[in-house]
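Have the sequence and the structure open as you read.

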Amino acid sequence: MTICGSLLIGRAIIKVVFGELWPMESQHMYDRMLNFLLFKVIFIGAVMEPVWRHILRLSMWIGVLGFMRIFSLLSRDRLDNLTTVAFVSLRKYYKITVFLSTILFSNIIWYLGSLYLFPTSLAFLTLEFLPVVLDTIQVLIKYATHLMDQWRENGFESKRLINYYTELSADVLILACTLLQYLQLMWMHGISFGLVDIVLFLNVRSVLKNLHSKVIIYRERWRAMSYVRDRYVDASAEELSNHNDDCAICRERMKTAKKLACGHLFHLHCLHSWIQHHVSKPTCPTCRRSLSPPSPK
């Protein structure tokens, strides 16, 4: 009954907020639902104490959070798809932004309700609640920066940088919460060297590997930022006026830019991304000249 009700509500939300789903959105949604059912419902039920009344109540509580998280991530997929379309009405962005704000508010209310329903499981529920909120906030910020970019006549140049650090911070915090949750499940279940322990160990290993990867990526990004900021000068207003062109990396107009030794101009945040992927032999994106510091005038 509960599952049927959730499916009906989900279909109604899709019809009102998103309309027809893109094929990739449908596939991602299906994969997330399957992952949720396999781990959050079946696996956690196998780990926790076999008090069925408690497990059913807890599964229902987690199910509502999972339901909201799936739609939060669907909103992120929709933004990625909308940015590939030539013209999109801002009304679509407003609608999803309001929807995400509703999800965020509902998440907080739902968590506060758990303080009374599950007073002995607050640590576990907090680690379940935080990733949902972090995902929702991350997607909300992406929509907000995109709308600011549309509102401003010259665009919002800090959009990419803000989105990058928001996504990085949210991903690291979500991985940390996931790691703590796995460790808590291992402590609750005990070490018996059974199938559950093997699955938990593999999941912990996967999370640690992802965390290490995020740290490496952040370190390389920071090196790229320092490299560009320290070695290249800002383009003057006269140079920007004479250049009168779009950034060759993002194809958007430049209000501020960095000037390379070869004379080409680019957005600072675009150069950050470019050098991050060409750290060993950074070159100019236009002429492929080695990025040496420009001569001061």
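**A guided tour**

Please keep in mind along the way that the model is predicted.

Let's begin with the overall layout. The protein has 9 helices and 3 strands. Reading from the N terminus, the order of elements is α-α-α-α-α-α-α-β-α-β-β-α. Of its 297 residues, 41% count as buried. Among contacts between residues at least 6 apart in sequence, 69% join residues at least 24 apart.

Now step inside. In soluble globular proteins, nonpolar side chains tend to be buried together. Here, the largest nonpolar core holds 44 residues, and Phe-18, Trp-61 and Phe-71 touch the most other members. At least two residues of this core come from each of helix 1 (2-18), helix 2 (23-47), helix 3 (52-82), helix 4 (90-117), helix 5 (122-151), helix 6 (159-189) and helix 7 (195-231). Helix 3 gives the largest share, with 10 residues.

Setting aside neighbours within four places in sequence, Phe-18 is in contact with Ile-13, Phe-71, Leu-74, Ser-75, Arg-78, Ile-96 and Phe-99. There is also a second, separate core, made of 16 residues, with Tyr-232, Leu-265, Trp-274 and Ile-275 among them.

Next, let's turn to the outside. The accessible surface of the protein is about 17,500 Å², and 64% of that belongs to carbon and sulfur atoms. One nonpolar surface patch, of about 650 Å², is formed by Phe-105, Ile-108, Ile-109, Leu-112, Leu-115 and Tyr-116. Is Tyr-116 buried or exposed? Tyr-116 counts as exposed because its relative accessibility is 74%.

Finally, look at the cysteines. A disulfide is a covalent bond between the sulfur atoms of two cysteines. How many disulfides does a search of the whole structure find? The search finds 0. Cys-247 is in no disulfide, and the nearest cysteine sulfur, that of Cys-270, is 3.8 Å away. With a relative accessibility of 0%, Cys-247 counts as buried.

Cys-287 itself is partly exposed, as its relative accessible area is 38%.

How values were computed: Residues numbered from 1 in each chain as written. Predicted model: local features only at pLDDT ≥ 70, side-chain atom pairs only at ≥ 80, totals over all residues. Heavy atoms only, no water. Core = buried A, V, L, I, M, F, W, Y, C linked by side-chain atoms within 4.5 Å. Buried < 20%, exposed > 50% of the residue type's maximum accessible area, 1.4 Å probe, protein only. Helix = DSSP H or I, 4+ residues; strand = E, 2+ residues; numbered from the N terminus. Contact = heavy atoms within 4.5 Å. Patch = residues over 30% accessible without salt bridge, like charges linked within 9 Å, V, L, I, M, F, W, Y side chains within 5 Å. Areas by Shrake-Rupley, 256 points an atom, 1.4 Å probe, with all protein chains shown as cover. Salt bridge = Lys/Arg side-chain N within 4 Å of Asp/Glu carboxyl O. Disulfide = S-S within 2.5 Å.
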